[in-house]
Amino acid sequence: MLGKVLNTTYDAAGNNIQSTLADGTVVVYNLGDMAWIIAATALVWIMIPGLGFFYSGLLRRKNAASMLWVSMVVLAVVSFQWFFWGYSLAFSDGANKYIGDLQYFGLKGVLDAPSIGSTRIPAIMFCIYQCMFAAITPVIAVGAIAERARLGPVLVFTFLWSTLVYDPIACWTWNANGWSFVMGGLDFAGGTPVHISSGTAALAISLYLGKRRGYGTERLAYKPHNTSFVVLGTVMLWFGWFGFNGGSALSANLRAVQACIVTNLAASVGGLTWMLWDWRLERKWSVVGFCSGAISGLVAITPGSGFVGAPAAVAFGVLGGTACNWATKLKFILHYDDCLDIFAAHAIGGLVGNICTAFFAQSSVAAFDGITVIPGGWLDHHWIQLGYQLADSTAGISYSLVMTTIILWIMHFIPGCRLRTDEESEIIGIDDAEMGEFAYDYVAVDAELGPKAELAGAPDHGRGGAGNIDESHSHPHSIEHEKVAPPA
């Protein structure tokens, strides 16, 4: 990449840029297309700290800063991994059905040639746009470590997971050589590579880490400690999703506009649906419920956003909000501790979106960009599309679950790489134990905290055991027993 001189000029009107490739081929890119994808890249980037705020607000105060840390540090690790070999493994021209080669190792040769995603933008632009997708996906998954994991091993896990899980799934979904792409699977913006892969990985992480201390007792019957963070995170995610789905058109065209329309509509309907389901039980108008439903609607519409019309977006929102709301009960039925309901929102939401895409995809909508030709879904009497979507979804769930579990257990036996924290750190809070920093000027302190000797000599009630220690004051909205954080 370094040292190459580009032969690039503007046309007479200044609306397009012309580049002469090494083989003498002249390619033309529209500056409007490029400007939109640059903006969409920034929009997807802002979703990443937005997800950190969303996760942080849902947790207890003593663990709030750790999720903000996760969102930014995972972004940094994946940005390096994407430069190092991630982009090449996902989008190299010589990829096989499952994974790419090292053709673009270190981004060598990723410059002005037409991208594998669209000939309307250069490879270098497609690379940075897709980097944002690669970065947000493990951030979604790693939220499952909340309140009970060491932070250092997260760096190692992120690099390995991006390489062994995200890159292959992205390759088989979006690379022109990938088996799902060749088969005819429809995934416009990441139903399987982003949401199913991360949601299923979160389930694997939850099963590996085990339950938090006090699981099944009133100790963990807390409400989100900062509703404002939840709303702020949702705003940033919803805002960025216009670039996530709209930008996946890889051009400034009518298909991008349509994707933005259905994205906003599905989010709105999903939020209302979840909120009404919660009102049915609590007779309270929950803003956290609305935010959860909006994200469920956004997840569901993601794979179909470039293929479906506006009426279908209403169905995506209703079905996504309903399915994800009900799926939050799975953790009680199957006895796993997914405290942020990542599997319910992303894996189930992505699955619903993939299936709905089979029903509602239309060739006429895909053709809004003037280029794409697909047989459509059931609305176009293309019945086999449901089989394609189920095959892709099943493969994504199975591969992510198995490979994530393997990564976690290999790391478990490597000194210094074990993810699970100790009981004392869990009681103190990950912020204090792992970071020595706090999200606020004070954090709630559990009654169990005292001299280490007392803690060591305390009876062990086990994770999830019905011990007699009262942790009710660790309720996120309680301000009793404050611990003042050291000055900055």
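What is the volume of the second largest pocket? In this predicted model, local features require pLDDT of at least 70 and side-chain atom pairs count only at pLDDT 80 or more, while totals for chains, interfaces and linings use all residues. Residues are numbered from 1 along each chain as its sequence is written, and side-chain values use heavy atoms, with hydrogens and water left out.

The volume of the second largest pocket is about 750 Å³. A pocket is an open set of points on a 1 Å grid over the protein atoms alone, where a 1.4 Å probe fits, with protein on both sides within 12 Å along at least five of seven lines; lining residues have an atom within 4 Å of a point. Volume denotes the space filled by probe spheres set on the points, which are joined across faces, edges and corners. Of its 33 lining residues, Gly117, Phe181, Phe188, Arg255 and Thr372 lie nearest the centre.

The largest pocket has a volume of about 1400 Å³. Its lining comprises 44 residues, of which Tyr222, Pro224, Asp278, Val288 and Asp341 are the closest to its centre.

The protein contains 17 helices and five strands, assigned as DSSP runs (helices: H or I, at least four residues; strands: E, at least two) and numbered from the N terminus. Of its 488 residues, 55% are buried, that is, under 20% relative accessible area with a 1.4 Å probe, counting protein chains only. Among contacts (heavy atoms within 4.5 Å) between residues at least 6 apart in sequence, 75% join residues at least 24 apart.

Note on methods: Buried means under 20% relative accessible area, exposed over 50%, partly exposed in between (1.4 Å probe, protein chains only).
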